Amino acid sequence: MTAFPRGRSRKWPVAVLGATGAVGQMFVRLLENHPWFELTELAASERSAGKKYGEVTRWLEGEPPARAVASRRVIACDPGVVSAPIVFSALDAAVAGEVEMAFARAGKFVLSNAKNFRMEPDVPLVIPEVNGDHLALIECQRRNRGFDGAIITNANCSATVAAVALAPLHQRFQIRQLFLSTMQAVSGAGYPGVPSLDIIGNVIPYIAEEEPKLEREMLKLLGTYSDDEVSHAPFKVSAHTNRVPVEHGHTICMSIGFETTPTPEEAIETMRTWEGLASTSGLPSRPLRPLVVTDAPDRPQPKRDVNAGGGMTVTVGRVRRDAVLDLRMVALGHNTVRGAAGGSVLNAELLAATGAFDTA
Ligand SMILES: NC(=O)c1ccc[n+]([C@@H]2O[C@H](COP(=O)([O-])OP(=O)(O)OC[C@H]3O[C@@H](n4cnc5c(N)ncnc54)[C@H](OP(=O)(O)O)[C@@H]3O)[C@@H](O)[C@H]2O)c1
């Protein structure tokens with residue numbers, strides 16, 4: 001078991017909002033035996049509140065949760081009802097704005113997966129290994145909004161996968177232009193998500209609101225923090241997003257132009273030696289390697305690589321020269337683990353390790 005940080009001797013109680021959905025279920029799975037966090041409350045809509053979690057949740061895959069979790073009563077997403085000081089939100093965007101703000105106003109830490117607050121200038125949008133230092137925005141958020149709580153967001157699942165792959169290259173060679181085209185898994189649309197007759201044997205070249213999200217979030221993730229502000233990365237991004245008949249794992253083909261052009265070998269060496277921010281080493285959910293580069297000519301593939309590093313590792317392959325920009329490559333990552341629940345849990349671990357939860 002990973003030792004508690006900062007002399008702590010017991011687990012922090014945590015709740016999941018939207019616990020019945022696709023991302024909520026992944027939270028339950030990742031938190032069931034977490035070394036630092038104790039999952040004490042499960043919250044969802046009024047449709048589910050008051051009923052047993054196991055009865056209202058259509059468990060999507062793997063072993064259903066232990067009896068102690070399955071028999072727990074679902075409660076309402078109301079800060080007056082949820083007692084945990086730390087809440088993970090897997091809420092639908094239609095309700096996340098109002099609900100998450102109410103929890104932050106009530107003094108709670110809200111680790112959100114929804115799009116609502118990601119681009120607010122005083123809200124951190126974080127991948128710990130890439131830009132964990134952006135968590136410093138919390139102080140500015142509290143001053144601006146006059147509350148003791150905090151909203152911390154993780155990015156759109158495709159933006160997360162792309163940003164992990166690109167962070168070391170941008171740090172060393174400065175991206176000038178980025179073109180990307182995604183092949184996104186159906187689990188990214190939640191449950192029941194895309195109707196089976198629309199997606200089996202098909203590709204849908206449209207995901208509502210996905211392209212602008214991917215384009216703008218990428219620039220905030222790869223931006224730099226200084227003096228209560230994140231300056232967004234200055235390069236141009238063009239994204240095409242597609243839904244494909246894959247269960248889990250978003251695959252992204254990218255062409256990249258740089259200010260200083262690396263050879264494919266230099267780019268591979270830069271990604272292979274990248275460790276991510278040192279402050280993340282030793283966190284329970286941090287994979288040994290956040291980013292791996294495969295030499296296989298036909299990888300990464302969702303079927304073979306999506307669970308690398310417990311779903312927290314992004315796999316890159318096919319790094320080669322590009323006749324239009326400088327380099328091209330393919331990246332793959334798990335959308336509900338690294339791109340959602342696992343990313344949020346890692347954000348919370350970094351907050352715990354740096355003392356943000358000491359009074360929680
Ligand atoms: N799936 C992914 O790969 C992915 C990746 C990154 C981010 N996200 C984001 O994560 C969030 C959850 O996505 P998902 O795929 O898990 O969606 P989902 O399967 O549709 O689950 C939605 C959850 O929100 C709850 N909910 C709906 N209306 C509510 C209300 N009025 N009050 C309280 N709770 C309510 C639902 O509870 P009931 O069961 O009681 O209705 C359910 O627990 C979304 O904002 C999504 O954009 C998803």
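Here are a few friendly questions and answers about the ligand site and the sheet of this predicted model.

This is a predicted model, in which local features need pLDDT of at least 70, side-chain atom pairs count only at pLDDT 80 or more, and totals for chains, interfaces and linings use all residues. Residues are numbered from 1 along each chain as its sequence is written, and side-chain values use heavy atoms, leaving out hydrogens and water.

Q: Which residues come nearest to the ligand?
A: Let's start with the shell, where a residue is near if one of its heavy atoms lies within 4 Å of the molecule. There are 27 residues around the ligand, and those that come nearest are T20, S45, R47, S48 and L91.

Q: How far is an oxygen atom of the ligand from an N or O atom in the side chain of R47?
A: A polar contact here is a pair of N or O atoms within 3.5 Å. The side chain of S45 has an N or O atom 2.6 Å from a ligand oxygen. For the side chain of R47, the distance from a ligand oxygen to an N or O atom is 2.6 Å.

Q: What is the order of the strands in the open sheet?
A: Strands are DSSP runs (E, at least two residues), numbered from the N terminus, and two of them pair if DSSP finds at least two bridges between them. Strand β1 (residues 12–17) and strand β2 (residues 37–44) run parallel and are joined by 6 bridges. The 6 strands pair in parallel, in the order β3-β2-β1-β4-β5-β6.

Methods. Polar contact = N/O pair within 3.5 Å; in protein donor to acceptor, adjacent residues only side chain to side chain. Helix = DSSP H or I, 4+ residues; strand = E, 2+ residues; numbered from the N terminus.
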